[in-house]
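Here is a short report on one protein chain. Look at the structure first, then read on.

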Amino acid sequence: MLEARLQTQQRSSQNGRETSLWSSGFGMKLEAVTPFLGKYRPFVGRCCQTCTPKSWESLFHRSIMDLGFCNVILVKEENTRFRGWLVRRLCYFLWSLEQHIPPCQDAPQKIVESAGVQNVIPGRAPGGAGAGQVPSHVKREVQRILGHIQAPPRPVLIRLFSWALLRILNCFFLNVQLHKGQMKMVHKAAQAGSPLVLLSTHKSLLDGILLPFVLLSQGLGVLRVAWDPRTCSPILRALLKKLGGLFLPPEASLSLDSSEGVLARAVVHAAVEQLLVSGQPLLIFLEEPPGAQGPRLSALGQTWLGLVVQVVQVGVVPDAMLVPVAISYDLVPDAPRDTYHASAPLGLWTGALAVLRSLRGWGCSRRACVRVHLAQPFSLHEYIINARSCWGSRQTLEQLLQPIVLGQCTVVPDTEKEQEWTPVTGPLLALKEEDQLLVRRLSRHVLNASTASSAVMSTAIMATLLLFKHQKLLGEFSWLTEETLLRGFDVGFSGQLQCLVQHALSLLRPHVALLRVQQGDLLVVLRPGPGLTHLARLSSELLPAFLSEAVGACAVRALLAGRVPPEGPWELQGIELLSQNQLYHQILLLMHLLPQDLLLLQPCQSSYCYCQEVLDRLIQCGLLVAEESRATRSSCSGP
């Protein structure tokens, strides 16, 4: 007890010193930061007008842009049907009891009797004698595989878990914001009768728990989440399956000629069929978790998306509405740390102890903000029809590169063809070549939409300013916010500038040191060590907003490298003229060199259109000035 009192006194004295430090370090006139350009806030997340024009028109209205945000974890007496003193004390519990949970009855018998499973059972001809009878050992094997994939959700457990999660989220976060207009689009798509398939980025293990909670609170029912079985122990997998989780069986990754692999893939396909026919929403993570080695696009996520595409193409479900999703955190809680680098998967008790340790050391002063983004839904059937119509002029790798190797052509091949040669592993090998290409392009398309709709948080801007050693944090913070908004990206904060900087620095306090200098100024110094890696990961959230300028600047530097002496300083003498074709060539070379997961170009966008977009950005920023050559001017001028 004495040690606890001493720790409490030390913590209160430290908070008092920080308060005095803030008040003395920011003695200036308050300035408000608003996430608006003029009178309007940028509404991000519109679907592609080229690939899905009907969805672009039907599921959006100008009025939804005026709707504000709601805090999902703010539950009061008004959110329940009851009133009174006791209700105010038990509002979380009563709210969880009133959530609508539709019956999610998985039909194992229908899965066993499905045509896909019946056709792969060894020794049985489909439609022959005894077609309705399944051998007992085969039935047991199918039920075993099905038990590895899913389990019937338990409503009582879901309500209890929602109540506990609501309390934990209020300890971790100040708010979990959700745009009402985006939620209205998703409700409108759900009312159309087609099943919802949410395709999300992946920032933390908390994503798979937070997103089902958000959609349950908005009346969309139980969200079935496709988890990665490598990150969870058997006990944790059993709990997540009762909460609506789905897991791919290990037999599904076996070779195409393996009878066990063929049966497992057929069972998975039948399970996805029954899930979509019943209208249950499905969540798939298209992005690998942070810290994972390899490409950014998740092979497991593309596998689940390929199953959905197959079900729609076969006609079992006429259509499915795809919803790109993204989550932005001010700061992801430390629980559990280094999960993706650990050799053993996360266990139930290990995760619970990590959450308790984080709750003990997180503190109310370090609570972060979260923004959940739901982009405009679009029709999968419409995308498939429009995407296949653009494949007529496709060429193989040999046809593209053979003229360049033989010296017959010096033009760089179109970079959008490069994605067609990405190696395919796992269950995607069971798909046709055209279906594999369709899934890869659709995955890049959706991940591009999710990244573009993701808001930039205050900690990302602060980490960028600290890493590049900006001196005036207050002025530069406001400037970088305006530059982000000018590029069509949203930000996840608003308020007084001093409060925003204080909030961001308080969250980054373990990685920075605050020093008081003369004249009441505050000096922020980076702490050496692993904290720099954490700040670099936070600052990478700004990369999509400035990626075009970065590619263009590298292309300009490559052209100017031959005009500057190798040993001399990088100072240009006068005006340098650059050819547009040379800039195009350098940008195309960079597009070949950089990973496609980093660029995330839309498959429907030509590479030359992207080159022109890069040049337009450089001209807009003032780095380049467009001028016509004399020959062009004389040929275009009249007599």
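Accessible areas come from the Shrake-Rupley method with a 1.4 Å probe, and for residues only the protein chains shown count as cover.

## The model and the whole chain

This is a predicted model: local features need pLDDT of at least 70, side-chain atom pairs count only at pLDDT 80 or more, and totals for chains, interfaces and linings use all residues. Residues are numbered from 1 along each chain as its sequence is written, and side-chain values use heavy atoms, leaving out hydrogens and water.

The chain has 26 helices and 13 strands. Both are DSSP runs numbered from the N terminus: helices are H or I with at least four residues, strands are E with at least two. Of the 639 residues, 49% count as buried. Buried means under 20% relative accessible area, exposed means over 50%, and partly exposed lies in between (1.4 Å probe, protein chains only). Take the contacts (heavy atoms within 4.5 Å) with a separation of 6 or more: residues 24 or more positions apart account for 77% of them.

## A nonpolar patch

Trp85, Leu86, Leu90, Phe93 and Leu97 make a nonpolar surface patch of about 520 Å². Patch residues have over 30% relative accessible area and no salt bridge, and nonpolar side chains (Val, Leu, Ile, Met, Phe, Trp, Tyr) are joined within 5 Å. A salt bridge is a side-chain nitrogen of Lys or Arg within 4 Å of a carboxyl oxygen of Asp or Glu.

Helix 3 (85-89) and helix 4 (91-98) each supply at least two residues of the patch. Trp85 lies in helix 3. Its relative accessible area is 55%, so Trp85 is exposed.

## Buried parts

Helix 10 spans residues 207-217. It is largely enclosed by the rest of the structure because 10 of its 11 residues are buried. Among them are Leu210, Leu211, Phe213 and Val214. Glycine 219 follows helix 10, with a positive phi near 85°.

Serine 194 lies in the loop between helix 9 (180-190) and strand 4 (196-200). Serine 194 counts as buried because its relative accessibility is 19%. Leaving aside neighbours within four places in sequence, serine 194 is in contact with Ala189, Asp319, Ala320 and Met321.

## Two crossing helices

The axes of helix 22 (residues 543-560) and helix 25 (residues 607-621) come within 9 Å and cross at roughly 90°. Axes are lines fitted to C-alpha atoms, for helices over the stretch in contact, and angles run from 0 to 180 degrees between N-to-C directions. Helix 22 and helix 25 are therefore roughly perpendicular to each other (65 to 115 degrees; under 35 is roughly parallel, over 145 roughly antiparallel, the rest oblique). Residues that meet include Ala545 and Val551 in helix 22, and Tyr610 and Leu618 in helix 25.

Technical notes. Patch = residues over 30% accessible without salt bridge, like charges linked within 9 Å, V, L, I, M, F, W, Y side chains within 5 Å.
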